[in-house]
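Q: I have this one open and would like to talk through how the pieces pack. Can we start from the helices and work towards the sheet?

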Amino acid sequence: LMPRVMTVDDDPEVVEVIRLALSDTCEVVDARDGMQAIERLVRYQPDILIIDVMIPKMNGFQLCQSLRSNRAFTRLPIIMC
């Protein structure tokens with residue numbers, strides 16, 4: 001079973017670079033903004049998030065704060081870019 005990585009970035013080129021770098025060893029899914037990330041988190045249940053700070057609808061810091069306030073995601077590793 002491969003680790004699941006979720007990228008949250010509105011730049012398709014960045015998303016593609018991350019996907020190419022990780023796709024051999026990880027299952028990668030992406031979200032284009034903070035709201036979409038929250039919707040997909042429950043269904044996808046990633047092992048780690050890679051979040052861009054400047055994303056639409058909810059910036060990366062707001063997304064991180066929202067996740068940390070939810071007990072289901074307090075221990076989810078997050079990389080902020």
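This is a predicted model: local features need pLDDT of at least 70, side-chain atom pairs count only at pLDDT 80 or more; totals for chains, interfaces and linings use all residues.

Q: Which residues of H2 are buried?

A: The buried residues of H2 are Gly34, Ala37, Leu41 and Tyr44. Seen down the axis of H2, these buried residues fall within an arc of 90 degrees, so they line one face of the helix.

Q: And what is exposed on the other side of H2?

A: On that other side, Glu39, Val42 and Arg43 are exposed.

Q: What happens at the start of H2, and what follows the helix?

A: At the start of H2, a side-chain oxygen of Asp33 comes to within 3.0 Å of the backbone nitrogen of Met35. After the helix comes Gln45, which has a positive phi, near 50 degrees.

Q: Okay, on to the sheet. In what order do the strands come?

A: Four strands make up an open sheet with the order S2-S1-S3-S4, and their pairing is parallel. Strand S2 (27-31) and strand S4 (78-80) are the edge strands, each pairing on one side only. On average, and with direction ignored, neighbouring strands of this sheet are turned by 20 degrees against each other.

Q: How many bridges join S1 to S2?

A: There are five bridges joining S1 to S2, and Arg4 stands opposite Glu27 in S2.

Q: Which strands do H2 and H3 lie across?

A: Helix H2 (residues 34-44) lies across S1, S2 and strand S3 (48-51), and runs at about 170 degrees to S1. Helix H3 (residues 60-68) lies across S1, S3 and S4, running at about 165 degrees to S4.

Q: Now the core: which residues have the most contacts inside the largest one?

A: The largest nonpolar core has 15 residues, and those with the most contacts inside it are Met6, Val8, Leu41, Leu49 and Leu63. Two or more residues each come from S1, S2, H2, S3 and H3, with H2 giving the most, namely three residues.

Q: What does Leu49 touch, leaving out residues up to four places away in sequence?

A: With those left out, Leu49 touches Met6, Leu41, Leu67, Leu76, Pro77, Ile78 and Ile79.

Q: One more: is Thr7 buried or exposed?

A: Thr7, which lies in strand S1 (residues 4-8), counts as buried because its relative accessibility is 1%, and buried means under 20%. Not counting residues up to four places away in sequence, Thr7 touches Val15, Ile18, Val28, Val29, Asp30, Ala31 and Ile50.

How values were computed. Residues are numbered from 1 along each chain as its sequence is written. Side-chain values use heavy atoms; hydrogens and water are left out. Buried means under 20% relative accessible area, exposed over 50%, partly exposed in between (1.4 Å probe, protein chains only). Contact means heavy atoms within 4.5 Å. Two strands pair if DSSP finds at least two bridges between them. Axes are lines fitted to C-alpha atoms, for helices over the stretch in contact, and angles run from 0 to 180 degrees between N-to-C directions. A nonpolar core is a set of buried Ala, Val, Leu, Ile, Met, Phe, Trp, Tyr and Cys residues joined through side-chain atoms within 4.5 Å. The arc is that of the directions from the helix axis to the C-beta atoms. A polar contact is a pair of N or O atoms within 3.5 Å; within protein, one must be able to donate a hydrogen and the other to accept it, and residues adjacent in sequence count only if both atoms are side-chain atoms.
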